[in-house]
Amino acid sequence: MKLYTISGLGADEKVLEKLTFNPNIEVVHIPWLIPDLDEDFHHYVSRMSEFVDDSEDFYLLGYSFGGILVQEIHKLKCAKKVVIMGSIRCDSEKSKLIIAGQKTNAVKYIPIRIFNGNTTLFYSFFRKLFDPKNPKLTQYFRVKDPYYLKWSMDKVAHWKFDKMPDVIQILADKDIVFPIKNSQPDFVIKNATHLFPVTKHKEVSEILKTIFI
């Protein structure tokens, strides 16, 4: 069985590489595409879904922004099972910070140069959100195109979605990006931050082995 995975905003497959699966699972990582200028979100989802071969049964796994993407893909190409990690199942689960960004349309007014992944300001912001104590954070977030980063953050802020009952959610109890208090996850990773697929990979892997069989 193929398992298609999508990592978090700005991250490549390295953020998920420590996860292990049952022997019969073939992991296929979907890389982030750089959005076209002013590309509609649903058009972008459609392009991302082209990586998925739905001529046979498959699974979907998404982390953070990737969790949002796999749910959107699931509507176009129905997966046998969908798991989201460090992500939300509907817009009502957004944090106060994201809701504020939505209401003020703040991201669109921020100069694109601020989204340069190599700047100290941008790195400091992401480190505070994801895992302030992890000195190796930058090794996981290597998709640094400024337009992609700004576009993606804007799409997260304005995402509207109704909860699908078949989506399995895994959250960390100390996640700042998507606080657990706003959700009712199926699995909770204790004493973990948003970066839990890396820091708690053994525990997460055991959970995933019970789901993707």
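A: Let's start at Asp 162, which touches Arg 89 and Cys 90, leaving aside residues up to four places away in sequence; touching, or contact, means heavy atoms within 4.5 Å. Before going on, keep in mind that this is a predicted model: local features need pLDDT of at least 70 and side-chain atom pairs count only at pLDDT 80 or more, while totals for chains, interfaces and linings use all residues. Residues are numbered from 1 along each chain as its sequence is written, and side-chain values use heavy atoms, with hydrogens and water left out.

So where does Asp 162 sit? You'll find Asp 162 in the loop between α6 and β5; helices (H or I, at least four residues) and strands (E, at least two) are DSSP runs, numbered from the N terminus. Asp 162 is exposed, at 68% relative accessibility, where exposed means over 50% relative accessible area, buried under 20%, and partly exposed in between (1.4 Å probe, protein chains only). Asp 162 also sits 8.7 Å from Ser 92, C-alpha to C-alpha, though 70 residues separate Asp 162 and Ser 92 in sequence.

Six strands make up an open, parallel sheet in the order β2-β1-β3-β4-β5-β6; two strands pair if DSSP finds at least two bridges between them. β2 and β6 stand at the edges with a single partner strand each, so one side of each has no neighbour in the sheet. From one strand to the next, the twist averages 20°. Inside the sheet, β1 and β3 run parallel and are joined by five bridges; Ile 6, for instance, has Gly 62 in β3 as its bridge partner. Lying across β3, β4, β5 (167-172) and β6 is α8, which runs at about 165° to β6; such angles run from 0 to 180 degrees between N-to-C directions, with axes as lines fitted to C-alpha atoms, for helices over the stretch in contact.

The largest nonpolar core has 37 residues, and Trp 32, Met 48, Leu 60 and Leu 69 touch the most other members. Two or more residues of this core come from each of β1 (2-6), α1, β3 (58-63), α2 (65-76), β4 (81-85) and α6 (146-158). (A nonpolar core is a set of buried Ala, Val, Leu, Ile, Met, Phe, Trp, Tyr and Cys residues joined through side-chain atoms within 4.5 Å.) Zoom in on Met 48: not counting residues up to four places away in sequence, Met 48 touches Ile 6, Ile 30, Pro 31, Trp 32, Leu 33, Leu 69 and Ile 73.

Searching the whole structure turns up eight aromatic pairs. Rings of Phe, Tyr and Trp (its six-membered ring) pair if their centres lie within 6.5 Å, and planes under 30 degrees apart count as stacked, over 60 as edge-to-face and the rest as tilted. One of the pairs is Tyr 4 with Phe 58, edge-to-face at 5.8 Å centre to centre and 80° between the planes. Tyr 4 belongs to strand β1 and Phe 58 to strand β3, so this pair ties together parts 54 residues apart in sequence. Tyr 4 is buried, with a relative accessible area of 2%, and Phe 58 is buried, with a relative accessible area of 2%. Next come Tyr 59 and Phe 212: their ring centres are 4.9 Å apart and their planes at 35°, so that pair is tilted. With Tyr 59 in strand β3 and Phe 212 in the segment after α8 (201-211), the pair ties together parts that are 153 residues apart in sequence. Tyr 59 is buried, at 2% relative accessibility, and Phe 212 is buried too, at 1%. There's also an aromatic cluster, formed by Trp 32, Phe 41, Tyr 44, Phe 65, Tyr 148 and Trp 151.

Finally, step back to the whole chain. The chain has eight helices and six strands, and 52% of its 213 residues count as buried.
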